Amino acid sequence: MNIKSNKGITLVALAVTVAILAILAYTCVSIGVNLTGTAKFTNVETYMLLIRSKCETVVNAYAIGEKEENELYGTLQSSGDMAGLYQLSQTELNAMGVKEAKAPDYYVQYEKDSEGKVIGVQDVIYEPGVENSGEMYHKLTEMLKVED
């Protein structure tokens, strides 16, 4: 008796192989998307830390009389959602060394004493916000609380 042997791939084996490849592709794409989002978050956070540091340097110079109040970074916003904040121009961002950061998205919230004199940097705000793990962040103080 001669029984013909099957030497081809079965439809079931092909379907299983395609399913495994689809799962692997989905996993790789998900990891790539998460890494891209994390990189953007870290990038914006780094810009904001540098902005805060540069603004604090100018505030300290102002406190000891080396700078005038009009030399503080930013233009005071008098109306809208950002009223009371200081909007940074592209020229100021470039001078701070954050040329990749784009104006008019960054704002500084200065801390003031009871007489209205600037005494520190309270926060840095990125108006469009940046997403991390499904949450949207705008303020540096909020971003620094996020654990990696």
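How do strand β4 and strand β5 pair, and over how many bridges? What you see is a predicted model.

Now the pairing. Strand β4 covers residues 118-132, and strand β5 covers residues 135-139. They pair in the antiparallel sense, over four bridges. Next, look at the turn. The hairpin of β4 and β5 has two residues between the strands. There, S133 takes a positive phi, near 55 degrees.

Let's step back to the sheet. Five strands form an open sheet. Read the order as β1-β2-β3-β4-β5, with antiparallel pairing. Which strands sit at the edges? They are β1, at 75-76, and β5. Each of these pairs on one side only.

Further in, strand β2, residues 86-87, meets β3. Two bridges join them, and the two run antiparallel. Find Y86, and then find V108 in β3: V108 is the bridge partner of Y86. A general point while we are on strands: in a regular strand, side chains alternate between the two faces of the sheet.

On to the rings. How many aromatic pairs does the structure hold? Three. I'll show you two.

One is F41 with Y137. This pair is edge-to-face, with 5.6 Å centre to centre and 70 degrees between the planes.

F41 has 3% relative accessibility, so F41 counts as buried. Y137 has 16%, so Y137 counts as buried too.

Another pair is Y106 with Y126. This one is tilted: 4.8 Å centre to centre, with 40 degrees between the planes. Y106 lies in strand β3, residues 106-112, and Y126 lies in strand β4, so the pair ties together parts 20 residues apart in sequence. Both Y106 and Y126 are buried.

One last contact. Find Y62, then K117. K117 lies over the face of Y62, at 5.5 Å from the ring centre.

To close, go back to the opening question. β4 and β5 pair antiparallel, over four bridges.

Key
Residues numbered from 1 in each chain as written. Predicted model: local features only at pLDDT ≥ 70, side-chain atom pairs only at ≥ 80, totals over all residues. Heavy atoms only, no water. Pairing = 2+ DSSP bridges. Phe/Tyr/Trp six-rings, centres within 6.5 Å; stacked < 30°, edge-to-face > 60°. Buried < 20%, exposed > 50% of the residue type's maximum accessible area, 1.4 Å probe, protein only. Lys NZ or Arg CZ within 6 Å of the ring centre and 35° of its normal.
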